[in-house]
Each structure stands twice: as structure tokens, then as C-alpha cells.
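Open your viewer and keep the selection tool at hand. We will take a short walk with a few stops.

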Amino acid sequence: MAESDENQVLEGFICPICKSDLGTAVSLLSHFQDEHSEEQDLIKTFKDLLDKAKKKILKQESVPETSSLRKSHVPIADYIFESQELGKTFSHKAYFYAVREARLQKLAVPTNQLIIRLEKLLDKMPSDPVKRKSHEQSIVPWIDGDAVPRCPNCAGSFHLTRRQHHCRTCGGIMCNDCSHFMSLNTARRIIDKPMEDEKTQGNIEQLRLCIHCISLLEVREEKRVSRNFKPIISQFYERLANYREQADQLSSQYIKMSISLNAGESVYDLQEAQKIKVRLLKLAENIDTLSSKIAVLSKDTENPPQGQAFRLQSMIRSAFATYLRNQLLTLPLLPTEEQFEKAQNKRRQEITAKIQEEKLRHAKLNHVVTSKSGASHQKVSNDPAVSLGQGWVPESKKVNESDDPLIEQMNIIRSYIKEAKVAHRYDEVTSLEENLHELKKEFWKKQQAQDHLARSGESSEAASISSNEAHAESGSLEN
């Protein structure tokens, strides 16, 4: 047993003489100086040992951990990378739902009751104070004042100078200092009713509420406002989208008017086109200003936008700058009044030349048809088996424009276009122009068919003349 005690390893700040643990190095030194002062050589040796140990410890602490890892190549255990089985799990979802439901019910049910009572209180509220008090007590029963000797909020006792007051939505009692007032217009806004003009007659147009009821109503109003609140960047972007939609509509109409006016047509008015151009320039200016504001939004604040917010603002600015450059800044120019008059004169000359060409074509066609009918009439008169009254002979009269139903319809549509232009009904003008274009196509097809018929008639007449000449030559040769 004694040998085991002697061989026992002691740890801590142990005195080498008395084998006592002193806890700290300072206590050990003081103990050695006080109790074993006669052994100075041993003390000096002990100090040297402590200094060496201290230096060694400080030297080991100064060496970085990476060097020790590099020197000691310890193999990493394979079990570290092995997949571990999932232990027992617990789901707290049901507990969370129960706690949240209780919390919601604690807030939602009283708030809904307050809203219902507010609606009843504001419905047909009398202006007379006495009638109003009876109306409020009929909606919300008031607590008996004898049962409440002190204010529930401040614990002050009620007396002659501290009177009792009732909350209009819950019927609770409080003193005047603990009362809160809500204007009737605020109450109407909370229950989504139209607001009325307030009357400055003391507290007649106000409701007295306790701190609990007004807190619930304010929390509900704050949540509704925050739910309907839109960030400033969303408001700016909605305005930008509205400006772009208006610019698209006006630009399409402006392009049609510019093409028509440059061609010398009188469908649109030059002054109306200039007004539309001014509106487009104002829209372009608004789009440029608003997109620039979005690009520098919140940059001068303490927390400037970073990451995705900053990239979103930059992309909005670049997108609308590209839209301005490609859509609004490349619109065709309108002609001046002199250029418009020149274009109109040129168009009149072209139309006159086209009318003359059409008249010549009709005259040529009538001549061909008349000559062909005369030849057939002569042939029928020479034939004894056919009487002169048989067959169809067209009348050789000049075909006017009013005789053709297509031309008559085109003239009617042109008059409609003029009336729509005077009334500034540009949508009807566009549809009527499309109908006029279709009629022109049909008329052109009809003219081509008539020209083809005339050419075929001329070729058949020439063939018959050549055949008669050949017969005549053969008869002379026989004679």
C-alpha cells in the first residue's frame, strides 16, 4: 500500500518538498518562499525549471497548427466518410400548428368582434349625445361601475375627480387618463365605409376606446396598409408600363398618318399628326426621366442597393433606353405644309393620268367589242337560215364610271372616308380604307379579265381575216 502511494503520479502545482497542491504558480512560489526559505538553492533551481517550462510552453503555442499537421502524417479514418443512418426523428409540426392557431384565434376573434361592433355603432348613429349614449349601450353592454372600484390600467381609485368611463367597443371601464379616442372617419376607413365631413363639436365625432381595443384595431389597420403597400420601384415601373402602352398606341397611329401624309393623301389632317407627335415626345421625356430615377433609386442613402436589387434597377433603365432608341426616336418625319401641298399635287396628277388611262382602255375595249359584234351581225344577215332579229347585239354606248357597280361602291366609300376624317374617327377611316383597297383589287382583276377578253377577240378577228384572204388567194389561183 505504501509503495503504491509513493509511485502515484501527482498533477497540478505540487510542492516538491511537502507534496501539497497549491492550485496556481503564484501560490506555489509564495508557499515555497514562506515555508521553505532556508533552501535557497532549491528555490533557485525551481525558478529555473519554471522559466524553462514557461518558455517551452510559449514556444509551442507560437508554432502554427498547420506545421504540426504537415509534420505528423496521421492517416484519416475511413469511417468519417461513411454514410450514417438517420436516428429517431420527431415532428413538431402539429405542435406548431396548434400554437399558431391559438395565437391567431387570440388576435383574430376579438378583432373581428370589434369590427362588427364598429359597423353597428356607426350605422345610423344619432347626433344627440343622450340618444347616442343609449344607442351605444344597446349595441355593447356596459360593465356595472359598482363592480370596478379601480381603473384596470393604472390601478387608480375612482372618486369625484377621477370618474369612470366606458369603452364603446368592449364595454370596459377605465379612467379619463387611460382613455383613447378614435375619430369617426378613422373608424369608417377601418370598416371600408365612405368618409364624411367632420364636425368640430368636442368629442361628438369621436369614439372612446380602451387601450386593448385601440391596439387591436391599429394592428389590423397597419397590416392592411402594409399588405396594400407597394415599393416605390413597383410604383415607378407601373407608371413606366402605362407610358409605354400609350406610346405604342400613338406610335402605330402616327406611323399610318405619316405614311399617308407623305404620300399626299387627304385622309388625315397634318395638324392632328403634329399634335400626336408632340404627345409622343412628352411620353418619351417622361419615360426617360422616370427610368433615370429608377436607376439612381436609393443610391444616396445609407444602404444603397446591391446584388439583385441593383441589377434589377440597371436592367429596367437599359430596357427602356433601348425602347426609346428603337421605337420612339426612329419615327418617320412629317412633311411640312409646302411638301404636303407638293405631294397632293403630284398625287392628283397621278390620279388624273390613271383616269385617262382607264378611259382609253374602256374606249379601246368598246371599239373591239363593237367591231366584233358588227362582223357577227353581217354574217348572220348573209345567212338565209338566220333572221336579223336573232342573237344578242350590244349597244355601242360609252361606258361611264357610274355604270360599273364597283366604281359606284368605291365612290360611296370615299365619301364615307371624308365624313369619318371630318369627325376624327380614325378607326373607321382605317377599316374603310381596307374595304376600298379590296374593291380596288377586285376592280383591277375585272379590268385584267376584260383586257384578256379584248386581246383574245382581236386575235380571233385577225385569224378570221387571214383565213378569208387565204381562201381568196386559192380561188384566184384556180381561176
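This is a predicted model: local features need pLDDT of at least 70, side-chain atom pairs count only at pLDDT 80 or more; totals for chains, interfaces and linings use all residues.

Residues are numbered from 1 along each chain as its sequence is written, and side-chain values use heavy atoms, leaving out hydrogens and water.

**Stop one: the helix pair.** Select H9 (residues 232–262) and H11 (residues 308–328), whose axes are 12 Å apart at an angle of about 10°. Helices here are DSSP runs of H or I with at least four residues, and strands are runs of E with at least two. H9 and H11 are therefore roughly parallel (an angle under 35 degrees). Now show side chains: the contact (heavy atoms within 4.5 Å) includes Tyr 237 and Arg 244 of H9 and Phe 320 and Tyr 323 of H11.

**Stop two: two loops.** Next, pick Ala 155, in the loop between helix H6 (129–139) and strand S1 (165–166). Ala 155 is not a glycine, yet has a positive phi of about 60°. Then move to Asp 192, between helix H7 (184–190) and strand S4 (206–209); Asp 192 also has a positive phi of about 60°. Most residues other than glycine have a negative phi.

**Stop three: the annotated segment.** Finally, select residues 422–449, listed by UniProt in an unreviewed entry as "coiled-coil region". The span is 89% helix and 0% strand, with its end C-alpha atoms 37 Å apart.

Conventions
Axes are lines fitted to C-alpha atoms, for helices over the stretch in contact, and angles run from 0 to 180 degrees between N-to-C directions. Angles under 35 degrees count as roughly parallel, over 145 as roughly antiparallel, 65 to 115 as roughly perpendicular and the rest as oblique. UniProt positions are given in the numbering used here, feature names are shortened, and annotations may be inferred rather than shown by experiment.
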